[in-house]
Amino acid sequence: MDSIKIRGGNKLNGSVPISGAKNSALKLMVATILTDEPLVLTRMPDLADTRFLTTLLQHFGAAISRDSSRMQLHTPRLEKSEAPYDLVRKMRASFNVLGPLLARNGEARVSLPGGCAIGARPVDLHLKALEALGADIELSEGYVEARAPHGLQGGQITFPFVSVGATEHAILAAVLAKGETTLENAAREPEIVDLADCLTSMGAKIEGAGSSTITITGVDRLKGTTHAVVPDRIETGTYALAVATAGGDVLLEDAVWKHNEALWDRLAAAGVNAARADGGIRIRSENGRLAATDIETRPYPGFPTDEQAQFMAAMCVADGRSVIRETIFENRFMHAPELMRMGAQIDLRGNEAIVTGVESLRGAPVMATDLRASVSLVIAGLVAAGETTIGRVYHLDRGFEGLEAKLAACGADIERVKE
Ligand code: UD1
C-alpha cells in the first residue's frame, strides 16, 4: 500500500490549480443515465472515485472516454439496471444511480451503499423522496428494489433535515417525472446548483437551485450537452488551510470566493489574509502563529463538514484554545487521535473537540481513516518538525487530484512511497 512522506517546515509559495469538484463530478456523471445522447464534462478531476463510477456506469452500458480533463459519457441504451454490491460498496455516491435508472427504465435494483466510515449515513431520505415520486420500493437482501412501471410522477417532498445526496437524488429522478415536483428544505450547496445548471442545459426545467425550495417540471426527454464541472470548494479550502498552517503566499487558481465565505470569515478571525485576486484567490499567512478560532459545521452556506478536519489541523498549532463542533456527521473526529500522535492537544467531548494550540507538532507515522481526515494529516505533516509518514493513502486518492505534485510545486517536501 502506498504511503506519503512529508518532511515538515517548508512554507508554501506559488500557485495551485483547483480541480473540478469531486462531489459535483460524481452526480454529473450519473446524468448520462438520463439521456441517449452524449454528455461531455470538462474540468473533470481524475480520481479514484470518478474511476469507480466510470466502471459502474460502463456496467449499465455507458461508453466513457477521457482525454485529459474532458470526459465523454454516452448511454444509447441501458443494458442493465442492477448495481451490484461489489460496485456500490466502495463509494456511497454510486447509490444516486437508483433514481435515474428508475426514471429511464421503470425499474432498478441497487445495493445499499458503503463509503466513508464517518457515521451511520443511512439513505432513508433518498428512498422517501423516490416514494414521493411514485416509486414502489422494497428492501431485500441488502438491495433496494424499486419499480415505477408507469413512470415517475411529480410530487411534493419536504426533507426533515438538509441532505445533499437526497436533494441531488430527488432532482435526478424528478427531471423525467410527469408533472411538477417541489423540494422543500433542499440543500443549497454549489454542487446542487452545478447539477441543476447541467441538467437545465440538457433540457430539464428546474427553478430555485441554490435556495431551500426547488421546483422541477418534468420533461419527456433530455438531450446531450457540454458542461464544465464547478471548481472544487473543498479542495480550495484544503489548500487555503495548508497555507494558513504552513505559512506562505499562494494563489488558488480558479477558486470561487463565494463558495467558501464561511471559511474566509474564520480565517480572517485566525489572522490569515485571504482575498480575491486575478485568476482566483490569494492566501497569505506570513505573521507567525494563527489565533485560535472556533467553528461549527453546518449545511451550506455554513462551515463545511468536509473542511472540519483540515481546520482542526490548523488549530493544533494556533495560539490559544479553539472549540470545533461537528453537527453533520457523528464519528467525524477520527483524525483527532492521529493528530494527537503528532503532539496535538485535543480533548474530545461528544460532538465537540477542544483544541489547545501547541508550539509545534512532531512528525510521526500516522494512518489515514477517511478522505478529509487524511488530508488533515498532510496539513499537520507540512508544519511538523521532522518526518511524517501517512499510511492508507487510498483515502486521499479518492478525492484529491495530484495532491503531492500540487504541494511540491509550492515548495513542500512531500513524496509518495510506492510499496
Ligand atoms: C455529501 C458529500 C460529503 C459531505 C456531505 C455533507 C458527496 C459525494 N458527498 O454527502 O462529502 O460531507 O454531503 O456536506 O457529495 N442522512 C440521513 N438519511 C439520508 C441521507 C442523509 O440520515 O437519507 C444524514 C447523514 O447521515 C448525515 C446528514 O444527513 O448525518 C447529511 O448527509 P448528506 O448531506 O446526505 O451527505 P451526503 O450527500 O452523503
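**A tour of the domain 1 and domain 2 interface**

In this predicted model, 6 residue pairs make polar contact across the interface of domain 1 and domain 2, with both partners at pLDDT 80 or more. That interface is where this tour goes.

**Stop 1: the two domains.** Select 3-19 together with 231-417 and colour them: this is domain 1. Now look at their C-alpha centres, which lie 31 Å apart. Where the domains touch, domain 1 brings 22 residues to the contact and domain 2 brings 21.

**Stop 2: the buried area.** About 1,900 Å² is buried between domain 1 and domain 2. Carbon and sulfur atoms give 55% of that area. Next, select Tyr300, Arg398 and Glu401. These three supply 34% of the area that domain 1 buries against domain 2, more than any other three residues.

**Stop 3: the helices.** Show the cartoon and select 371-383, then 394-399. These are α12 and α13, the elements that give two or more residues to the side of domain 1 that touches domain 2. Which of them gives the most? It is α13, with 3 residues.

Stop 4: You will find 8 nonpolar, 4 polar and 10 charged residues on the side that touches domain 2.

How values were computed
Residues are numbered from 1 along each chain as its sequence is written. This is a predicted model: local features need pLDDT of at least 70, side-chain atom pairs count only at pLDDT 80 or more; totals for chains, interfaces and linings use all residues. Side-chain values use heavy atoms; hydrogens and water are left out. Domain bounds come from an automatic or database domain assignment. Contact means heavy atoms within 4.5 Å. Buried area is the accessible area (1.4 Å probe) that two parts lose on being put together, summed over both. A polar contact is a pair of N or O atoms within 3.5 Å; within protein, one must be able to donate a hydrogen and the other to accept it, and residues adjacent in sequence count only if both atoms are side-chain atoms. Helices (H or I, at least four residues) and strands (E, at least two) are DSSP runs, numbered from the N terminus. Ala, Val, Leu, Ile, Met, Phe, Trp, Tyr, Cys and Pro count as nonpolar, Asp, Glu, Lys and Arg as charged, and the others, Gly among them, as polar.
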